[in-house]
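Here is a short briefing to read alongside the model.

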Amino acid sequence: MVSMSQENIQASQEQIFHVGLWFAFIDNTFICQRGIKLDNTKMNAKPKRRTITENGHGGDELALATSIGNGEDLGPIVRFAFQVGKPESLLHQLKSIAKKKEVEIEELCKLHYEEFILAVDELRGVLVDAEELKCSLSSDNYRLQEATSALLSKVDELLELCSTQKNISEAIKMLKICISVGSLCSKCNKHVSEGHFFPALKTLDMIHEYLESIPIKSLRKVIEKSIPTIKLHVEKKVCKEFNDWLVHIRSTAKEIGQLAIGQAASARQRDEEMRARQREAEEQSRSGVGDCVFALDVEDIDEDSILKFDVTPVYRAHHIHSCLGIEDRFCEYYYKNRLLQLNLDMELNPSQPFLESHQNFFAQIAGYFIVEDRVFRTAGGLLSDSQVETLWETAITKMTSVLDDQFSHMDTASHLLLIKDYVTLLCSTLRRHGYEVSPLIKILDNSRDKYHELLLHECRKNINDILANDPYEQMIIKREYEYKMSVLSFHLQTSDMMPAFPYVAPFSSTVPDTCRIVRSFIGDSVSYLSYGGHMSFYDVVKKYLDKLLIDVLNEALLKLIHSISTSVPQAMQIAANITVLERACDFFLRHAAQLCGIPLRLVERPHTGLTAKAVLKASQTASHNALIGLVNSKLDETMSLATNINWTADEAPQDGNECMHEIKIYLDTIISTAQQILPLDALYKVGRGVLEHISDSIVSVLLSDSVKRFNVNSIMGIDHDLKMLETFADEIFHDTGLSEAYSKEGTLRDCLVEARQLINLLSSNQPENFMNPVIRERHYSALDYKKVASICEKFKDSPDRLFGSLSSRNTKQNARKKSMDMLKKRLRDFN
């Protein structure tokens, strides 16, 4: 408590006094509250009448005065005065009202002067009482101050202690917060130094939660500045690890691809072995040989366990960027960098041939997309479906373009097959990882015709070389393994028994060499067509096999058949080779079906064979005709010696004509060779053709201009020759087994029927019977009227010698001569 001074009290009294005076003069209501009764109406009557009289604006001034007295707002009145342009009038009225109020105040003060004085006296009395009260209060305050001074000091001490306690508590709380934050900061630094970035970021999040509660402003600012720095450091570290992974994974992608493609090749090999066992079991079951035991081999191979590559840096980088709230930025960064790597991987080295670099090229791409498939499946949304599709479309477009360009420039079938085989393994590998490889399969299908054209071109060259270098002699096989390689492997054997060695085969080296080429062609064709877009490609292989056998092999054989330089032994061997090749068509078809996985029972059905078999059958006929033509040419050379025969000999030759003996010897050689290498039908055809030609040649000789006349002695010599040939024909027909196979078609003797009937006619005692239709049909049906007429004109029954007409003739000769003359006459008449 503070005591008041005497001077302050006096000043306050004077202020109150003056204020009271002021209120007394200003408002008559203050006086009325003191009990003074005023008659305002009586006091105000005279001044109002005087105001109206003096100013002449009594109405307006009265209304203004009423508004002022009622305490109303004068703003509208002032505004109106200015709007009508008479502010001076309003000002004058206000001054007039002020003067009247002053007059009223003066009159009121004069009228109540005594009451005012009394009020002032009362006020002074109140001031005295207040002074006394003040002194009493001051005394009481002093005593109170003395009594409570000690207590106040204790209170002050207590308040100070409470303040200290509060400060200490707050300091402890602040210290605990700082210790926690410091511990978290230390833990965060440890995680960052050890490379444990995810715990470090989690610790940063906890520190961030403490930021608002950190009481030390400087510490809070330091921590606030450090948090972005640490996050940036973590981001850089993770990005560095990820960039190192990008470099590493690109360098190992080729190995990953090669390993995966190797697995695809092993799986394909296992499938082939399984299908081979299945086909073998089916064949055994169909043939009823042995008991078939079926087993299911299941080999579960976890590709991810074999294809080991680390994608942990990707997971870590993706997760850390997600925690930092910049996942989209990392996803875009990953996609752009991998797309850039893909474009680099698909660039070809122009200095290296594609044949040498294609495996590395495709293995790199395979490894790339195997990694992308793993990332897509396991990285939790790092790649979207559209991004993977874009990457694959980019790769598939480039690969199809490269393959299309490279295939168009290739001129070797084996090179194309090598690349195609690797591409099919690539397709198999990537298909298992969910990629659509149809465009690649389509490119391989589109190059199918070109591949087979190249393959046919190579086969044509090889076959032409074989045909050109073959001496066309029977192949001599000295060892068993040679027999297996050249005969058994192509099912060319005529018996299931193993022959004695050395074995003379009925064909030349052309046959096994050609079979090897055809077998290789089938294998290459199946290799190209398999594991592609066609599930069943047997018909395609069959089509190209027919093309090889018809357009390549058959054309080469026909060209060889019609070659001018071909000799009779060569022609015969060629004919034998064609026969064996025609028989080998069944093996070719079965081999193709086996490689294509087609059951043999389907191949062995009627009308399912190769068209080439019929074509080669026709070529056999051509080869037989060519052989017959060559033999006939040789016979013609020998028959040309018939001009040296004495056609008007005095006596018939005892042993026939020498040229016919040579022909018989030649025929014996030809037939014996043909019997060894030609089938019965070919032997029969050749024998008939040769003997028919001999018969025609005998008739032609008698018709030729070189023979002017001949007599019965020369006919007897030809008769002897014919008998020799007929005996030879019968021996061949029976000894070679032709009699069993062609008894209904006619014997080889029948081929000499024209010459035989002509000789019989010329040797007959009654040749005029030729004109008898019944006899002619029975004994001379093969003779022609004109030929008989021409030959008979040259026939002279008596030998041409001096005084021959004077020699004795028996009756038989005369009768035969007379009959011959009659035949000549009747033939002349007929012609």
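This is a predicted model: local features need pLDDT of at least 70, side-chain atom pairs count only at pLDDT 80 or more; totals for chains, interfaces and linings use all residues.

Residues are numbered from 1 along each chain as its sequence is written, and side-chain values use heavy atoms, with hydrogens and water left out.

**Alanine 253**
- Alanine 253 counts as buried because its relative accessibility is 4% (buried means under 20% relative accessible area, exposed over 50%, partly exposed in between, with a 1.4 Å probe and protein chains only).
- Beyond residues up to four places away in sequence, alanine 253 touches Ala363, Gln364, Gly367 and Tyr368 (contact means heavy atoms within 4.5 Å).

**The whole protein**
- In total, the protein has 31 helices and 2 strands.
- Of its 831 residues, 39% are buried.
- Among contacts with a separation of 6 or more, 79% join residues 24 or more positions apart.

**Nonpolar cores**
- The largest nonpolar core holds 134 residues, and Phe369 and Met399 have the most contacts inside it (such a core is a set of buried Ala, Val, Leu, Ile, Met, Phe, Trp, Tyr and Cys residues joined through side-chain atoms within 4.5 Å).
- A second, separate core has 66 residues, including Ile628, Ile670, Val686 and Val690.
- Setting aside neighbours within four places in sequence, phenylalanine 369 contacts Leu342, Leu391, Trp392, Ala395, Leu430 and Tyr435.

**Asparagine 577**
- Asparagine 577 sits in helix H21 (residues 568-596).
- With a relative accessible area of 2%, asparagine 577 is buried.
- Leaving out neighbours within four places in sequence, the contacts of asparagine 577 are Asp470, Tyr472, Phe507, Ser508, Thr510 and Val511.

**Where H19 meets H20**
- From H19, Thr514, Val518, Phe521, Ile522, Ser525, Val526 and Leu529 meet Val540, Val541, Tyr544, Leu545, Leu548, Leu549 and Leu553 of H20.
- The residues of this contact comprise 12 nonpolar, 2 polar and no charged (Ala, Val, Leu, Ile, Met, Phe, Trp, Tyr, Cys and Pro count as nonpolar, Asp, Glu, Lys and Arg as charged, and the others, Gly among them, as polar).

Technical notes. Helices (H or I, at least four residues) and strands (E, at least two) are DSSP runs, numbered from the N terminus.
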